[in-house]
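Let us walk through this structure step by step.

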Amino acid sequence: MKGSRLAFAIFLAPVAAWLFLLIVLPHVDLLLMSLRGKDELGERVWTLANYMNFFTEPVYWLTFVRTALYAVITTAITFCIAMPVSFYIAKVARPRVQGALMVLLLLPFWVSELVRVYGWMILLRESGVLNFFLMKLGLTQKPVEMLYTDAAMILGLVYTSMLFMVVPLVSVMDSLDDSLIEAAYDLGAGKWTIWRTIIIPHCKPGITSGAIVVFMLTLGNYLTPNLMGGKNSLWFTEQIYNQFIASFNWNQGSAFGFLLLALSSLIIWLGLKLSRQKLGEVAS
Amino acid sequence: MASDLSVRNLTKRFGEFKAVDEVSFDVPAGSFFSILGPSGCGKTTLLRMVAGFEAQSSGVIEIRGKDMADVAPNRRPVNLVFQHLALFPMMSVAENIAFGLKRRGLKGAEVGRRVEAMLERVGLPGYGPKSVNQLSGGQKQRVAIARCLVLEPSVLLLDEPLGALDLKLREQMKVELKKLQAKVGTTFIYITHDQSEALVMSDRVAVMNRGRFEQIGRPQELYGEPATPFVARFVGENNVWSGEVTASDAAGATIRTDEGFVFKARAKGACAPGGRADLYLRPEAMRIEPREAEGLNTFAVTVKAILFDGANSRLLTVTEQEHELLVSLPQNRRFDHIAPGQRITVGWHPDSGLCFPAMGAS
Amino acid sequence: MKKIVVLAALLTFALAAMAQAETLKLLTWKGYAPEELVNKFQKETGITVEVTYSNNEEMIAKLRATRGAGFDLAQPSQDRITAVQEEFKVYQPIDFAKIDAAQVIPSMLEAVKKNTQVAGKSYAVPFCWGTDGLIVNGEKAPGADSYKALIDEKYKGRVSYRMKRPILVAMGFALGYNPFDLYKDKKAYKAMLDKVSETLIKAKPVVQNYWANGDSLLESMRSGEVFVAMAWDNGGWKLHAENKAIDFVAPKEGALGWIDTFAIPAKAENTAAAYKWINFMLRPENAGYFTTQEKTGTASAGAGKFVAPEVQADFDRGFDQAAIDNIKWYPPVPAGLEEMEGQVLDKIKAAK
């Protein structure tokens with residue numbers, strides 16, 4: 001008995017050390033840094049000013065609101081697209097096609113996000129592929145600027161997030177008994193009602209875990225908003241980057257980092273409350 | 001009596017394979033109709049076509065005189081109780097039953113009233129707020145049926161709903177289902193591979209094999225007058241001999257079995273002298289040590305074992321050629337002396353045996 | 001037995017290779033370490049150069065994070081050294097005895113020495129110089145010769161610049177300030193920044209995009225999506241080689257001149273190699289090669305005759321004597337300014 005506990009401790013030790021050294025320690029360091037600042041005399045002191053700055057300077061919190069709002073929109077759109085896609089993969093497609101479709105979904109992730117974003121940029125830009133065909137077909141006379149808009153940015157974010165929504169959805173849909181759908185159909189439900197009353201409630205845990213992942217990924221994304229979003233697309237992560245890199249204000253940057261952590265956790269907590277779910281249920 | 005369901009020349013092809021082959025039948029209003037067949041005989045496909053989940057390749061399905069060809073499942077006046085019940089686990093019992101009512105646009109109070117009335121009817125008053133997972137197997141069964149009946153369908157389809165229950169409960173539910181059907185008066189169409197379920201509950205039973213109906217009739221008819229060898233084998237227990245027809249007339253045929261017995265029996269189908277034939281005989285048709293041997297087919301067997309099963313007790317016997325035969329053992333204490341290894345005489349009336357031309361020969 | 005011998009032999013070789021493989025860890029800008037020169041350097045000295053590409057801001061952040069470790073040589077701009085050194089102490093003073101001063105243009109060496117002085121010690125050697133100015137598509141935007149073109153309604157949706165400090169400085173000049181004079185007076189500088197940000201926010205519809213990556217800007221110019229951009233001179237000259245209509249223009253407010261330097265991080269492991277690389281890169285033929293490749297002038301004294309004539313032509317076309325005299329050289333940035341600018345940049349980018 002004692003021996004097995006010792007063995008357990010030995011196996012656990014590297015993991016604990018790993019977690020401690022690479023996750024806990026840096027965060028503690030960041031937390032301390034976020035609480036430091038200079039007073040008027042240029043002396044380094046403990047202060048909450050970095051956190052106050054976020055709330056008193058509209059640029060900062062507006063950027064966060066904007067970022068969070070777009071992350072929610074992206075999550076919603078991703079969900080709307082992923083739902084029928086997952087349904088097709090899990091319920092309609094034959095097993096062999098199923099595998100092929102999953103590979104197709106995975107395929108874009110074999111290249112780096114940067115390459116994917118550049119791919120979209122080549123497609124969407126004013127002198128890009130899409131405009132070329134639109135002009136060829138005579139649909140437009142003048143090329144349209146499709147890149148550097150919020151829509152383009154959301155497109156890129158949704159594209160990047162798709163897989164993380166589809167995978168959990170496919171796995172919960174796999175566990176949905178087809179006869180439940182047929183039973184609902186038999187009892188007089190139309191397609192929309194079946195989705196609303198049977199499929200979506202059944203998929204709730206998958207939807208929630210997918211939504212959390214997509215929301216967090218989108219909120220923490222840096223490349224896509226930066227490259228595809230254009231001139232109005234200040235993302236909160238970019239602001240953190242700017243604090244660290246451009247303004248050399250690491251204290252402010254750390255404070256923003258913690259605010260991002262806290263506020264996004266708060267949003268997820270609210271989401272779980274609203275949909276009456278518990279994180280434990282979702283994770284299992 | 002008007003027919004609630006009328007099916008004409010219904011066929012379903014999957015590629016070359018005919019799952020349902022030119023099936024026609026009528027189900028009178030308010031009756032309990034069963035389709036009995038081994039798994040893979042096409043009965044589920046047939047049921048799914050009636051429910052609307054499969055489109056027929058050809059043929060007509062009419063419910064209360066209306067052609068169902070272009071009617072989607074959610075618009076058909078039939079409801080299906082699924083094999084595994086398919087209760088919605090995300091809803092309470094009441095919500096499950098209210099599901100169809102809400103789809104019809106009924107509102108709160110009315111829905112609640114009907115749900116409670118239906119729960120009472122199936123013997124589950126007050127179960128509404130319970131979760132589906134809290135119910136026992138039999139209770140789930142009743143909820144699944146209630147969920148359909150509350151919609152007052154023209155026809156209720158049941159796809160082997162007792163299959164998942166244990167034996168004791170199944171016996172109990174058979175009776176309960178029969179009583180329920182009598183009480184509500186809805187037309188039930190019940191498919192099963194269990195002949196006892198079909199015989200016990202049904203007004204009429206269709207025996208299905210390889211996509212076709214072999215015979216439709218009352219349970220007594222199927223048992224007493226099977227129209228085909230398949231029905232004879234599938235419904236109830238039968239002893240079988242193969243042999244050659246030596247003579248035949250209007251009254252019956254004489255068959256010499258391959259073991260050398262010569263029996264008289266009724267002929268079903270063309271049993272011409274010289275042709276091969278199979279002889280089917282129910283265990284209860286054989287009498288042990290008959291006092292009046294006159295006019296009976298008699299022969300000697302050795303008792304191998306006593307299969308005691310209360311009223312359904314039988315003797316496992318063998319002929320000299322080791323051909324196993326089951327013989328009913330009436331529990332009236334007259335045959336208490338019989339012990340394994342004993343040689344006894346059995347006899348049976350020619351009217352009890354049925355002679356079919358051998359399968360493959362006809 | 002045989003196996004052991006082979007193994008031992010392999011081990012010896014590996015050890016020998018390790019001992020021999022002296023490396024120089026270089027933190028620099030894209031294009032500042034051409035492969036040809038890296039190979040040549042290795043052949044000459046046996047030192048392998050490991051190059052990490054970066055920009056001013058990231059260079060500082062990287063060195064600050066490690067307190068000056070991890071690299072043997074960095075190449076920040078001269079104006080970004082003193083404030084950083086004062087606050088974070090990430091560099092070590094240059095030992096000018098180890099620099100072959102004869103190879104360096106004396107006036108530039110002196111200027112950099114002066115501009116990178118902290119507590120009486122200098123921290124950098126000049127390497128190359130260039131300017132921020134305008135790249136103009138002459139067909140689409142003829143006559144654009146002022147930073148004001150960047151806010152001109154005429155070029156709606158056809159303008160691009162980097163949302164970094166040069167645009168703030170350039171706009172300051174365009175609005176009639178002298179930002180470099182205001183460096184000392186934070187209040188006045190802030191007032192200027194407010195005016196600049198107001199102007200840039202108002203002129204946002206004029207902008208197609210804030211470019212972040214030099215290559216993608218060049219692509220936008222090449223495809224005709226952008227007519228006027230604020231960018232480095234060598235980019236304009238690269239495009240000119242492909243399309244004569246596009247060229248670099250030194251704005252009448254003055255191109256913004258920068259000098260990129262060599263600076264040695266405080267905890268550099270191989271300073272000897274760093275000095276070798278500095279002297280190697282400033283050798284006239286190597287500097288000339290670099291200039292020809294990157295169209296960027298160097299601080300090397302005798303490089304002129306090794307520069308390809310067409311590159312020389314680019315310089316001559318872009319800068320007549322008056323334009324050269326008009327170059328506004330970035331003075332060292334005092335501490336705290338960047339923080340102020342950072343906020344303004346965020347504000348502009350976030351504004352609708």
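Which chains have the most contacts between them, among the 2 pairs of chains that touch? The answer is chains A and C. Keep in mind that this is a predicted model. Chain B and chain C are not joined by any contact. Their closest C-alpha atoms lie 45 Å apart.

Start with chains A and C. Here 32 residues of chain C are in contact with 31 residues of chain A. The size of an interface is often given as the accessible area lost when the parts come together. For chain C and chain A, about 2800 Å² is buried between them. Carbon and sulfur atoms account for 48% of that area. Three residues stand out on the chain C side: C:R64, C:D346 and C:K349. They supply 22% of the area that chain C buries against chain A, more than any other three residues.

Polar contacts between chain C and chain A come to 18 residue pairs, both residues at pLDDT 80 or more. Which elements of chain C each supply at least two residues of the side that touches chain A? They are α3 (56-65), α4 (82-88), β9 (207-210), α9 (214-222) and α15 (337-350) of chain C. Of these, α15(C) gives the most, with 8 residues. By class, the side of chain C that touches chain A divides into 9 nonpolar, 8 polar and 15 charged residues.

Now move to chains A and B. In this pair, 22 residues of chain B are in contact with 17 residues of chain A. The area buried between chain B and chain A is about 1700 Å². Carbon and sulfur atoms give 67% of it. B:N74, B:M90 and B:R103 supply 32% of the area that chain B buries against chain A, more than any other three residues.

How many salt bridges are there between chain B and chain A? The count is 1. In a salt bridge between these chains, the side chains of B:R48 and A:E182 meet at 2.6 Å, N to O. Residue pairs in polar contact between chain B and chain A number 5, both residues at pLDDT 80 or more. The elements of chain B that give two or more residues to the side touching chain A are α1 (43-51), β6 (78-81), α2 (93-103) and α4 (137-149). That side has 16 nonpolar, 3 polar and 3 charged residues.

Strand β6 belongs to an open sheet of 6 strands in chain B. The order is β6-β7-β8-β3-β9-β10, with mixed pairing. The edge strands are β6 and β10 (212-217) of chain B, each pairing on one side only. Neighbouring strands of this sheet are turned by 20 degrees against each other on average, direction ignored. β6(B) pairs with strand β7 (residues 155-159) of chain B in the parallel sense, over 4 bridges. In β7(B), B:L156 is the bridge partner of B:N79. Helix α1(B) lies across β3 (32-36), β6, β7, β8 (187-192), β9 (204-209) and β10 of chain B. It runs at about 150 degrees to β7(B).

Chain B also holds a closed barrel. Its 5 strands run β11-β12-β13-β20-β14, with mixed pairing. Neighbouring strands of this sheet are turned by 55 degrees against each other on average, direction ignored.

Follow the barrel strand by strand. Strands β12 (residues 253-257) and β13 (residues 262-267) of chain B run antiparallel, joined by 4 bridges. B:A253 has B:A265 as its bridge partner in β13(B). β12(B) and β13(B) form a hairpin with 4 residues between them. In the turn, B:G260 has a positive phi of about 105 degrees.

Next, β13(B) pairs with β20(B) in the parallel sense over 2 bridges. Here B:R266 stands opposite B:L354 in β20(B). Strand β20 (residues 354-357) of chain B also pairs with strand β14 (residues 276-281) of chain B, in the antiparallel sense over 4 bridges. In β20(B), B:F356 is the bridge partner of B:D278.

Methods. Residues are numbered from 1 along each chain as its sequence is written. Chains are lettered from A and ligands numbered from 1 in the order in which they are written. This is a predicted model: local features need pLDDT of at least 70, side-chain atom pairs count only at pLDDT 80 or more; totals for chains, interfaces and linings use all residues. Side-chain values use heavy atoms; hydrogens and water are left out. Two strands pair if DSSP finds at least two bridges between them. Axes are lines fitted to C-alpha atoms, for helices over the stretch in contact, and angles run from 0 to 180 degrees between N-to-C directions. Contact means heavy atoms within 4.5 Å. Buried area is the accessible area (1.4 Å probe) that two parts lose on being put together, summed over both. A salt bridge is a side-chain nitrogen of Lys or Arg within 4 Å of a carboxyl oxygen of Asp or Glu. A polar contact is a pair of N or O atoms within 3.5 Å; within protein, one must be able to donate a hydrogen and the other to accept it, and residues adjacent in sequence count only if both atoms are side-chain atoms. Ala, Val, Leu, Ile, Met, Phe, Trp, Tyr, Cys and Pro count as nonpolar, Asp, Glu, Lys and Arg as charged, and the others, Gly among them, as polar.
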